[in-house]
Structure formats: C-alpha cells, structure tokens
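Trainee: I have a model open on my screen and would like to learn how to read it. Could you walk me through it, feature by feature?

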Amino acid sequence: MQLGDLQLLQSLLAENRWSSVFILTDENTNQLCLSSLMMCIDFPINPEILEVEPGENSKSVEISHQLWWALNDLGADRKSLLINLGGGMITDLGGFIASTFQRGIDFIQIPTTLLAMTDAAIGGKTGINLGQLKNQIGTFQNPVAVILDQAWLETLPSREIRSGFAEIIKHGIIADQTLLEACFNTDVSNQEEVFQLLEPSMKVKANIIEIDPFEQNERTFLNFGHTSGHALESLTLQDEDPLLHGECVAWGMMIATLLSIDCGGLKAEKANDLIRSIDSYYPDIQPEVEIEKLWEVMLRDKKNSKGKVNFVLLSDVSKPMNNVEISFEQFNKACANLQAMREEL
Ligand SMILES: NC(=O)c1ccc[n+]([C@@H]2O[C@H](COP(=O)([O-])OP(=O)(O)OC[C@H]3O[C@@H](n4cnc5c(N)ncnc54)[C@H](O)[C@@H]3O)[C@@H](O)[C@H]2O)c1
Ligand SMILES: [Zn+2]
C-alpha cells in the first residue's frame with residue numbers, strides 16, 4: 001500500500017492499468033469533494049460516479065447488494081478500479097465492495113474526514129454492519145493507495161473533526177507519549193495543527209499492523225476505548241442525532257482508563273490526568289442509555305463469554321494490555337465513578 005497526496009493518485013492513474021474507474025461517494029462528499037477532485041486530477045478514463053446516502057445506515061448488506069449490481073450493470077470487470085472518496089463509512093463500505101466484487105478489484109482510499117485519515121482508511125480492514133451489529137461482515141484487504149489531502153478538512157463540520165481527534169488521542173495513549181502530549185496541546189479548531197498530528201498518529205497504527213496484520217495480538221490494542229464505545233455507538237445508532245464514532249470512543253477511553261486503575265495497575269494520578277484531559281475535549285459526551293443495556297451489547301460480542309467482557313486496559317501510558325476480563329459489577333462501578341468524577345471537573 002502506498003501513502004501519498006493527489007500527485008500520487010495522478011501518477012497511478014497515468015499508468016493506465018485499469019479498464020474502468022468508479023468513484024464511490026456519499027451525498028456530502030459528492031457535493032463537497034468530488035468537483036475539486038475532478039478539477040485536480042486528469043482522469044485518463046471518465047470515471048463513473050456511485051453515490052449512497054450519508055450515514056452509518058449505508059454500511060449495510062442492502063446497499064452493498066445495490067453497489068455490486070451497479071458495478072455489474074456498468075460493466076466493471078476484474079481490472080476496474082474503485083476510488084472511495086469519503087469518510088470511514090465510505091472507505092469501509094467501498095473497501096468491502098471492492099474486495100468482494102469478482103473476488104476483489106483494486107481500490108484507492110481518499111479519506112475526507114479526520115477519522116478516516118487517521119484510522120478507517122488505513123490498516124486494510126473493510127466492512128459493513130449486520131443490522132445494528134457494527135462491522136459484523138468484512139474482509140482484510142489493503143488498498144492500492146491511501147491519498148491524503150488537508151483540503152478536505154475545510155468543509156468538515158467541527159464536530160466531525162473532534163470525533164476523528166479521539167482516534168489520534170487513542171494512538172497517543174497506546175503507543176506514543178510525545179503524540180499524546182501534542183494532542184493535549186492542540187486546539188482542535190485549528191485544522192493546520194490537527195493535520196500535523198496525522199503523520200505520527202498514522203505511524204502508530206501502521207507500526208502495530210505491521211507486527212500483527214490479522215489481529216491476533218497487538219492489533220487489539222487499537223480497540224482501546226472501543227469495547228464500551230462501540231456498544232454506546234450501537235445503542236445510539238437509531239437516534240435522531242446519534243453520537244459519532246469518535247465521541248463514543250472518547251467516552252470508552254475514559255471508562256477504560258478508570259478501569260485500568262484497579263484492573264491494569266495504572267497509577268490513579270495518571271489515570272485522573274488522562275481522564276481530565278480527554279474530558280476537556282468531550283465534556284458533553286455522556287451516555288444516555290442504561291448501563292445494563294450497554295453491558296448486554298458488549299456481551300453479545302463473540303470475543304466475550306461467561307458473563308465477562310474483555311477490555312484493553314493500560315498498565316501505564318504506552319503500555320496497553322489485552323484481554324482483561326471485566327465483570328458487570330466492575331464496569332457498573334467505573335461508569336458511576338466516572339460520572340461522579342466528571343461532575344466535579
Ligand atoms: N476500518 C477501520 O479500521 C475503521 C476504523 C475506524 C472507524 N471505522 C469506521 O468509520 C466509520 C466512521 O467514519 P467517519 O467518522 O469518517 O464517518 P462518515 O464517513 O459517516 O463521515 C461523517 C460525515 O461527514 C461527512 N463528510 C465526509 N467528508 C466530508 C468533508 N470533507 N466535508 C464535509 N462533510 C464530510 C459524511 O458525509 C458524513 O455525513 C464507522 O463506520 C466506523 O466503523 C473503520
Ligand atoms: Zn475507532
């Protein structure tokens with residue numbers, strides 16, 4: 001997989017190795033990003049544009065079915081290229097479509113949200129949801145290239161930038177103290193400052209994936225904050241104004257940090273500092289769902305059994321640990337303690 005800017009895309013296209021080119025967008029990236037891509041890039045073959053509705057609901061079996069048919073009806077073959085222009089929803093969905101259509105065609109990711117740039121578009125995981133179950137169906141498949149461009153952030157709502165920022169914080173927490181400090185000195189409304197964090201952040205993910213591409217061990221560290229974060233995200237998916245992925249992860253990281261004091265050996269002082277810093281970016285993110293419901297969703301995950309849920313915790317900053325079994329009582333207590341602590345901040 002190559003990482004580069006729009007120039008890399010231009011030179012890859014100039015090699016003329018594809019029989020046809022498709023661009024997958026959602027309605028927003030179609031309106032806000034596509035024309036500038038078309039202006040910057042000289043396509044040797046006119047690309048066909050595929051569009052889905054924005055939002056997590058498009059990462060579905062039904063939409064996949066429609067997209068496979070669209071590719072088929074538009075004459076895609078094994079030498080076609082799919083360019084995914086969008087956030088993590090599009091890079092996950094498009095990656096999945098490309099990696100399954102005719103047993104796999106080439107695809108290029110052009111992430112247009114911060115979250116997709118730092119996380120979703122890299123690492124080779126593609127996927128769709130099965131009903132409310134997140135990423136239940138998917139593949140491991142690397143794109144030909146990931147194309148980065150800061151300009152996409154200009155139109156991205158500040159709430160989306162803050163959501164992606166949570167994954168950068170996560171990379172700092174699990175593997176890079178310098179990045180973590182830089183995060184907590186970053187004004188998240190300053191795109192330039194935020195974009196500067198991308199390189200070290202992506203490096204953390206890339207390093208981990210190189211050691212463990214298929215999530216046998218170290219790659220699980222990237223799930224820090226995601227065990228309870230995913231459950232919260234699943235439960236709010238159908239709300240009128242659902243919480244964003246990174247917002248849920250931010251809350252999940254605070255819970256995991258608190259659990260790490262008793263169950264991971266993280267010093268209370270460090271945990272409190274970390275929670276205070278995370279909270280300063282996400283003071284409004286509180287789960288408005290019953291803790292029992294969150295627990296039920298977490299238990300449904302196939303990795304969890306016998307009434308316990310496996311968490312990634314910390315023994316220290318940059319020292320994550322896998323598969324720490326947590327009981328409902330411990331989780332419930334951490335949720336209550338976190339709420340009490342945040343009320344005092
Ligand atoms: N594969 C992985 O390893 C991985 C990792 C993390 C997250 N994910 C997945 O990523 C998804 C979340 O990604 P996301 O947060 O990027 O969500 P998203 O793709 O839904 O994008 C968020 C919103 O921003 C809009 N948008 C995108 N680019 C824009 C731009 N430049 N300007 C204005 N609006 C823009 C989209 O239309 C959408 O409304 C989830 O489905 C999650 O499961 C996957
Ligand atoms: Zn995530």
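Mentor: Gladly. Let us begin with angles: axes are lines fitted to C-alpha atoms, for helices over the stretch in contact, and angles run from 0 to 180 degrees between N-to-C directions. Keep in mind that this is a predicted model.

Trainee: Which residues make the contact of α11 with α12?

Mentor: From α11 come His 226, Ser 228, Gly 229, His 230, Leu 232 and Glu 233. α12 contributes His 245, Cys 248, Val 249, Trp 251, Gly 252 and Ile 255. Sorted by class, the contact of α11 with α12 has five nonpolar residues, six polar and one charged.

Trainee: How do helix α7 and α12 cross?

Mentor: The axes of α7 (residues 158-175) and α12 (residues 245-263) come within 7 Å, crossing at roughly 40°. That angle makes α7 oblique to α12. The crossing here is left-handed. On the α7 side the contact includes Arg 159, Arg 162, Glu 167 and Lys 170, and on the α12 side His 245, Glu 247 and Met 253 are among the residues involved. The class count for α7 with α12 is six nonpolar, three polar and five charged residues.

Trainee: What is the angle between α7 and helix α10?

Mentor: α7 packs against α10 (residues 198-211) at about 60°, with 9 Å between the axes. α7 is thus oblique to α10, and the crossing of this pair is left-handed. Ile 168, His 171, Ile 174 and Ala 175 of α7 meet Leu 198, Ser 201, Val 204, Lys 205 and Ile 208 of α10. By class, that contact of α7 with α10 has six nonpolar, two polar and one charged residues.

Trainee: Now the strands. In what order do they form the sheet?

Mentor: The order is β1-β8-β5-β4-β2-β3, six strands in an open sheet with parallel pairing. β1 (2-4) and β3 stand at the edges with a single partner strand each, so one side of each has no neighbour in the sheet. On average, neighbouring strands of the sheet are turned by 20° against each other, direction ignored.

Trainee: Which helices pack on the sheet?

Mentor: Helix α1 (residues 6-14) is one of them, touching β1, β2, β4, β5 (106-111) and β8 (145-147); the direction of α1 makes about 135° with that of β8. Helix α5 (residues 88-100) packs on the sheet too, touching β2, β3, β4 and β5, and the direction of α5 makes about 165° with that of β4.

Trainee: Is strand β2 buried or exposed?

Mentor: Buried means under 20% relative accessible area. Six of the six residues of β2 (residues 21-26) are buried, so β2 is largely enclosed by the rest of the structure. Val 21, Ile 23 and Thr 25 point one way, Phe 22, Leu 24 and Asp 26 the other.

Trainee: How many bridges join β2 to β4?

Mentor: Four bridges join β2 to β4 (residues 81-86), and these strands run parallel. Phe 22 has Leu 82 as its bridge partner in β4. With β3 (residues 48-52), β2 pairs in the parallel sense over five bridges, and Val 52 of β3 is the bridge partner of Asp 26.

Terms used
Residues are numbered from 1 along each chain as its sequence is written. Chains are lettered from A and ligands numbered from 1 in the order in which they are written. This is a predicted model: local features need pLDDT of at least 70, side-chain atom pairs count only at pLDDT 80 or more; totals for chains, interfaces and linings use all residues. Side-chain values use heavy atoms; hydrogens and water are left out. Helices (H or I, at least four residues) and strands (E, at least two) are DSSP runs, numbered from the N terminus. Angles under 35 degrees count as roughly parallel, over 145 as roughly antiparallel, 65 to 115 as roughly perpendicular and the rest as oblique. A crossing is left-handed if the near helix is turned anticlockwise from the far one by less than a right angle, and right-handed if clockwise. Contact means heavy atoms within 4.5 Å. Ala, Val, Leu, Ile, Met, Phe, Trp, Tyr, Cys and Pro count as nonpolar, Asp, Glu, Lys and Arg as charged, and the others, Gly among them, as polar. Buried means under 20% relative accessible area, exposed over 50%, partly exposed in between (1.4 Å probe, protein chains only). Two strands pair if DSSP finds at least two bridges between them.
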